[in-house]
Every structure is written in C-alpha cells, then in structure tokens.
Amino acid sequence: MANADPLLLVLKLANDAEEQAALLLKSAQLECQKRLNQLSALNNYRLEYMKQMQSQQGQAISASHYHQFHRFIRQIDDAITQQNRVVADGETQKEYRQQHWLEKQKKRKAVELLLASKEKKRQVVEQKREQKMTDEFASQQFYRRHQR
C-alpha cells in the first residue's frame, strides 16, 4: 500500500479550520441578529411610551410627571444610542468572522487544487506507463510472429 499523501492531512486540517470558522461566523450572525432585535425592542418601547404620553395630551399633567417623562425618554434614548454601538460592534465582528471564513475556504480550495493537480500528473504517468507496456507487449508479439 502506498503511503498516504501528506496533503490529505493538510486538506483535513484545512477542512476542520474552515468548519470552525463557519461556526464562528454563524455564531456572530446570530449574535448580530440578537443585538438588532434588542435595538428594535428599545425603539418599539420608546414609540409605545411616546404614544402613551401623546394620548394624555390635553389632560392636566403635573410638572413632576412631565419631568419624569422627559428624563425617562432621555434614558431610553441613551440606551438606544448604546445599543446602536453594540450593533455596530457586532457587525464589525461578523465582517471579521466572514473574512476569516473566506480565508479558510480559500486555503482549503488551494489544497484541493494541489491534490487534483497531483492526481492528474499521477494519472498521466500511469497512462504513459500502461501505453509503454502495451507497446512493448505488441512489439514482442509482432517479433514472435515473425520469428516463426
């Protein structure tokens, strides 16, 4: 049995690295979606609170209640601003993970290309060897026929 090509081990390692990078990318994508959902929830919460306050328009509202409302809206706005940063960080992480995965995929494809090239060369050598044996056999038969 011929020794296994060391490139097969390199290919296995490249496949493993690509799969790991794909898992990290998937995790980053899920985290990004979770962060976007949290931002959407904050925006919806702010909108609902504003609608609630608007429905009280025209009614007598105490100054302290009005002050609390504005303070609470500022807190929600601060949370939204912070969540926007968290979303942006998540997007950056996702892009980094995607580039990492693409690099691993590129490396795997390069190893596969090397293996395919080696196999093609091996097949050419094998075909030449077989052709040489066939030619030699044919010439020996021809020689034997003419010897009689």
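**Reading a predicted chain**

Author: The buried residues of helix 1, where buried means under 20% relative accessible area with a 1.4 Å probe and protein chains only, are Leu 7, Leu 11, Ala 14, Glu 18, Ala 21, Leu 25, Ala 28, Cys 32, Arg 35, Leu 39, Tyr 49 and Met 53. This is a predicted model, in which local features need pLDDT of at least 70 and side-chain atom pairs count only at pLDDT 80 or more, while totals for chains, interfaces and linings use all residues. Residues are numbered from 1 along each chain as its sequence is written, and side-chain values use heavy atoms, with hydrogens and water left out.

Reader: What does the cover of the buried residues of helix 1 include?

Author: Contact here means heavy atoms within 4.5 Å. Helix 2 has buried residues of its own, including Phe 69, Ile 73, Val 87 and Leu 115, and what covers the buried residues of helix 2 includes helix 1. For the buried residues of helix 1, the cover includes helix 2 (63-147).

Reader: How many helices and strands does the chain have?

Author: Helices (H or I, at least four residues) and strands (E, at least two) are DSSP runs, numbered from the N terminus. By that reading, the chain has 2 helices and 0 strands.

Reader: Why does the chain count as more spread out than a compact globule?

Author: The radius of gyration is taken over C-alpha atoms, and the globule rule is 2.2 Å times the number of residues to the power 0.38. For 148 residues that rule gives 15 Å, and the chain is well over this value, so it is more spread out than a compact globule, with a radius of gyration of 35 Å.

Reader: What distance lies between the end C-alpha atoms of helix 1?

Author: The expected span of a helix is 1.5 Å times one less than its number of residues. For the 50 residues of helix 1 (residues 6-55) this should be 74 Å, which agrees with the end C-alpha atoms being apart by 73 Å.

Reader: How far does helix 2 reach from its first C-alpha to its last?

Author: Helix 2 has 85 residues, for which 126 Å is expected at 1.5 Å a residue.

Reader: Is Glu 136 buried, partly exposed or exposed?

Author: The place of Glu 136 is in helix 2. Exposed means over 50% relative accessible area, and partly exposed lies between the buried and exposed limits. Because its relative accessibility is 44%, Glu 136 counts as partly exposed.
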